[in-house]
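Student: I have a model open and want to go through it piece by piece. Can you take my questions as they come?

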Amino acid sequence: LNLLARTLPPAILLGIHFVFWIIGARMTPSANASLIVNMVPIVMPFLLFLVLRERVTRLEIGGTLVAMVGVLLLGYSDFSFNRTHAWGDLICFLSMLFYAGYLIFARKNKDLPSIYLYAVPVYILAGLFCLLLAISSQMISGSLIWLGPNAQPEWIAILGLAFVPTVLGHSIINWALQHIRGQAVVVLNLAQFIFAGCLGFLLLNEVPSHLFYFASTLVIIGAIVVIQRNTSA
């Protein structure tokens, strides 16, 4: 029961983040959604202090600002200010807040002896929450459709999303939050767009713009500044 009490709140926050993100990302351009979700380092210092009374250092603030300049430069070039996207942008922003709240709990529960005791229940409970929400929503609309007529691609997508970004990606982030200072983790996580750009070049022959390299350099510099000192939990 104690483990359930400790993992249910982050599971609900993660589930709401998933729901809001899927809805919001479909209502706004991908550049808008990506830029908004990468604003976590801006709100994380406030959550760290409010929830854990953990203060960020000057180095962490400086590194965060440098890294965020890189992210904003890359995102702003494609960001679209459009009233038709306003609701999508707002929903993505709320999704980002729920995601940041979910991350805080990983740090709050760093005393657990194993990351598996935390991550596994969180993923299961978040999955059940989303499933029950989806079933309830469809039942209210008068129809209940599971995977549609062509289930194989749906299963491949579900398993891919479950094992790669969630079981692998989220577990690494949750583990890091239990061993490294929270602000350092979220700033380092900004480097994911660099990895995505490299994959796009290797797999899709997408050549990054010159701004991509400049933004990547700023994020790397910011990450180095953040982890220079006081990175241990």
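Student: Is R53 buried or exposed?

Tutor: R53 is exposed, because its relative accessible area is 56%. The cut-offs are under 20% relative accessible area for buried, over 50% for exposed, and partly exposed in between, with a 1.4 Å probe and protein chains only. This is a predicted model, where local features need pLDDT of at least 70 and side-chain atom pairs count only at pLDDT 80 or more, while totals for chains, interfaces and linings use all residues. Residues are numbered from 1 along each chain as its sequence is written, and side-chain values use heavy atoms, with hydrogens and water left out.

Student: Where does R53 lie?

Tutor: In the loop between α3 and α4. Helices here are DSSP runs of H or I with at least four residues, strands are runs of E with at least two, and both are numbered from the N terminus. The phi of R53 is near 55°, which is a positive value in a residue other than glycine.

Student: Salt bridges next. How many are there?

Tutor: The count comes to three, where a salt bridge is a side-chain nitrogen of Lys or Arg within 4 Å of a carboxyl oxygen of Asp or Glu. Side chains of opposite charge can pair when their charged atoms come close.

Student: Which residue does D111 pair with?

Tutor: D111 pairs with R6, at 2.5 Å from N to O. D111 sits in the loop between α5 (86-108) and α6 (115-141) and R6 in helix α1 (residues 2-27), so the bridge ties together parts 105 residues apart in sequence. D111 itself is exposed, since its relative accessible area is 55%.

Student: And E54?

Tutor: E54 forms a salt bridge with R107, with the closest N and O atoms 2.7 Å apart. That pair links distant parts of the chain, with E54 in the loop between α3 and α4 and R107 in helix α5, 53 residues apart. Both E54 and R107 are buried.

Student: What about E60 and R181, buried or exposed?

Tutor: Both are buried. Their side chains meet in a salt bridge at 2.6 Å, N to O. E60 is in helix α4 and R181 in the loop between α7 and α8, so this pair joins parts that are 121 residues apart in sequence.

Student: Stay on α4. What is its end-to-end distance?

Tutor: The end C-alpha atoms of α4 are 26 Å apart, which agrees with the 27 Å that its 19 residues should span at 1.5 Å a residue. The expected span is 1.5 Å times one less than the number of residues.

Student: Which of its residues are buried?

Tutor: E60, G63, T64, A67, M68, G70, V71 and G75 in α4 are buried. Seen down the axis, they fall within an arc of 155°, so they line one face of the helix. The arc is that of the directions from the helix axis to the C-beta atoms. On the other side of α4, R58, L65 and Y76 are exposed.

Student: What covers the buried residues of α4?

Tutor: The cover includes α2 (30-37), α3 (40-52), α8, α9 and α10. Contact means heavy atoms within 4.5 Å.

Student: Which residues does V66 touch, leaving aside neighbours within four places in sequence?

Tutor: V66 is in contact with L218, I221 and G222. V66 is found in helix α4, and counts as partly exposed because its relative accessibility is 28%.

Student: Now α10. Which residues are buried there?

Tutor: F212, A215, S216, L218, V219, G222, A223 and V226. They cover an arc of only 160° around the axis, which puts them on the same side of α10. What covers them includes α4 (58-76), α8 (182-188) and α9 (192-204).

Student: Last topic, the surface. Which residues make the nonpolar patch of about 780 Å²?

Tutor: W155, I158, L159, F163, V164, V167, L168 and I172 make it. Patches are made of residues with over 30% relative accessible area and no salt bridge, joining like charges within 9 Å and nonpolar side chains (Val, Leu, Ile, Met, Phe, Trp, Tyr) within 5 Å. Accessible areas come from the Shrake-Rupley method with a 1.4 Å probe, and for residues only the protein chains shown count as cover. I158 lies in helix α7 (residues 151-179), and counts as partly exposed because its relative accessibility is 39%.
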